[in-house]
Structures are given as structure tokens and as C-alpha cells.
Amino acid sequence: MLETLAVAACYYAGGRLGLLRELTVAGAVVSPLWPPTGVAVAALLVLGPRCWAGIALGALLVLTHLTSLEPASVGVLVGNTAAPVAGYLLLRRVGFRTDLSRLRDCLALVFLGAFAAMLISSSTGAALLVATGDLPGRGFWGVWLAWWVGDAMGVLLVTPLLLLLPRLRFPLPRARWKEAVGLAVVAGCLVPPATRSPASLLFAIYPLLIWAALRFRLPGSMPCALYASVLATVAATDRIGPFAHMTDVQVLVNLQAFNGAMALTSLLLSAVITEQQHVRRSVERACQELVEVLEHLTAGETAAGRRDGGRPGDTG
């Protein structure tokens, strides 16, 4: 019971954060970054399928905050609950590991947990809006795309961070702490002007993500990506910086292209680096074991030679 309430509370808190910034597409209000989907997928991967009730309860609380409950709300509730559950089942089917130490795990999270599973919630939600008359038929694809990408971004940016939190190890070596503080300072000085400058400086954030991935892997790159995504979303919804003078569709496309590119860069580059480090350590261990075996064989041959040299020989 407590576990269900905790999941519901986290889902609802993520929903309230997602509702702070919204975009209007075809007359419908959508969130460009929907954290509850990331919370739901992470909860399922850590706690198992039994926490689906907490996800449903959290989704119900978000719906009651948004509007009065109607028969169509049941369909939205089912879609928002079924999407992360489907993502969990797909990930488990391919042997997903929550430490995200393999490239295949990151690719599975992107294509199965985010892109494929979130088709359920977006398709259900947009279809119900059309069916109830709240959305004209010509606006279906625009709202569907915005809904799908917002849910997928929640999985790509929030789920990895939540999965990695229990695995963080402190304290770091002093030199790494200095570098981590330097990375945070650079991020704090670089990202705000890059997301708010009319000179289109968003590309300047990618070297920061590469630095974070190379030196700190996912625990460093994902917070940077989420921080940049939040500030870019704020700039997009305020129509400032590179998002000024854009139409609603242009804002949505540019923002989600930026968020998706950041998430993919952080996930895939960190996974490749982690795999390479694991391979290097495996090779080093194999070499060390080989050296020990050779030393053992050499020592055995030396001892045998000494024994043979110590025997009286035939004098003929």
C-alpha cells in the first residue's frame, strides 16, 4: 500500500512539473516534456509490475487536477497506464538491464521503452479528443505527434536518471570532485544564455554533454541533458531566444529535435564509453591471469630443473 502511494505521489509530482510549461498545438494544450512517463517506467523496472496501481492512481490524480472526470477520461487513464506497462514488458522481453551499462540496453530504452510504448498513450489520447469533439479531425496528427514526443522525452530524460540514482557512489576522488564542480559551473554559465540567445547557440551545449559523457558517463551526462532540456522548454514556451518568431508547430519541432538529440547523445555515447571501459578491464584481467599462469608454469619448470640438477647422474 505504501509503495503504491509513493509511486502515485511521484507520478503526480512529475505531472505537476510537466504542466508548468505547455504548448498549444491545433487548439489543444500539450506538455513538450512529460516527466510522469519517465517516473512510471523507472518504477516498473525497479519495483516490478505490481506498481501499476500506483501509476494508475497518479494518472487519475493528474486528470482530476486538469479537468472534471468524464467517461472519456477512463480511456486516457487506461492509455497512460498501459503505455509504461507495455514499455516495461518490452524491455524485460529483450533482457534489459537497469544499470544501462550496455549499448543494447540504451537502444532498447529508446526504441522500445520510449518510441514504441508511448504510441499507446498518444494514440489513445488524441483519438479520444477527436471522438469527444474536443479536437477537430484535422488536428489529430499534430496533437498525436506532440503527445507522443512529450511522453517519449519523459522516458528518455527522466527514466535513466532515476535508474542511476541508487547506483551513485560517494565520495568521489578529490580530483574528480573538482572536475565535477567545474562541469556544473560551466553548465550553469553556458546553458542559460545558449537557450535564451536569439543567435541560435543551442549547438554550443553538445560539447558540454560530450565532456560529461566522457568523464562521468550517464551520471554526469543525463543531469546535464535534463537541465538543458528544461531551460530549452522554458525558452520555447516563453517564445524567446532561438524560439522567438516561430509558429506553434515550428517551436514544437525545433524543441523536440533538440531534446531528442541531447537525450540520444547522452545515452548512446555514455553507453559506448562504458562498454569500452568494461572491455578494457576484461582484457586487463585476462592479461593479469595469463601472467600469473606463466609465472606459475615458469616457477614449476625452474623447480623441476633444480630437482633434476640435484640428482646424481650416471657415470657410465
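Modeller: A pocket here is an open set of grid points with protein on both sides within 12 Å along at least five of seven lines, and its volume is the space filled by probe spheres set on the points. In this model, which is predicted, the second largest pocket has a volume of about 810 Å³.

Colleague: Which residues lie nearest the centre of the second largest pocket, and which element gives the most to its lining?

Modeller: Of the 31 residues in the lining, Val29, Leu63, Leu66, Leu129 and Trp147 lie nearest the centre. Helix 7 gives the most, with five residues, while strand 2 (28-30) and helix 3 (52-66) are among the elements that each supply at least two. By class, the lining has 18 nonpolar, nine polar and four charged residues.

Colleague: How much helix is there in residues 39-66?

Modeller: The unreviewed UniProt entry annotates residues 39-66 and 225-245, among others, as "transmembrane region". Residues 39-66 are 86% helix and 0% strand, with end C-alpha atoms 19 Å apart, whereas residues 225-245 are 67% helix and 0% strand, with end C-alpha atoms 25 Å apart.

Colleague: Where does His245 lie, and is it buried or exposed?

Modeller: His245 lies in the loop between helix 9 and helix 10, and its phi is near 65°, a positive value in a residue other than glycine. Since exposed means over 50% relative accessible area, His245 counts as exposed because its value is 84%. Arg217, in helix 9, also has a positive phi, near 55°, but is partly exposed, at 27%.

Definitions and conventions: Residues are numbered from 1 along each chain as its sequence is written. This is a predicted model: local features need pLDDT of at least 70, side-chain atom pairs count only at pLDDT 80 or more; totals for chains, interfaces and linings use all residues. Side-chain values use heavy atoms; hydrogens and water are left out. UniProt positions are given in the numbering used here, feature names are shortened, and annotations may be inferred rather than shown by experiment. Helices (H or I, at least four residues) and strands (E, at least two) are DSSP runs, numbered from the N terminus. Buried means under 20% relative accessible area, exposed over 50%, partly exposed in between (1.4 Å probe, protein chains only). On a 1 Å grid over the protein atoms alone, a cavity is a set of points where a 1.4 Å probe fits but cannot get out, and a pocket is an open set with protein on both sides within 12 Å along at least five of seven lines; lining residues have an atom within 4 Å of a point. Ala, Val, Leu, Ile, Met, Phe, Trp, Tyr, Cys and Pro count as nonpolar, Asp, Glu, Lys and Arg as charged, and the others, Gly among them, as polar.
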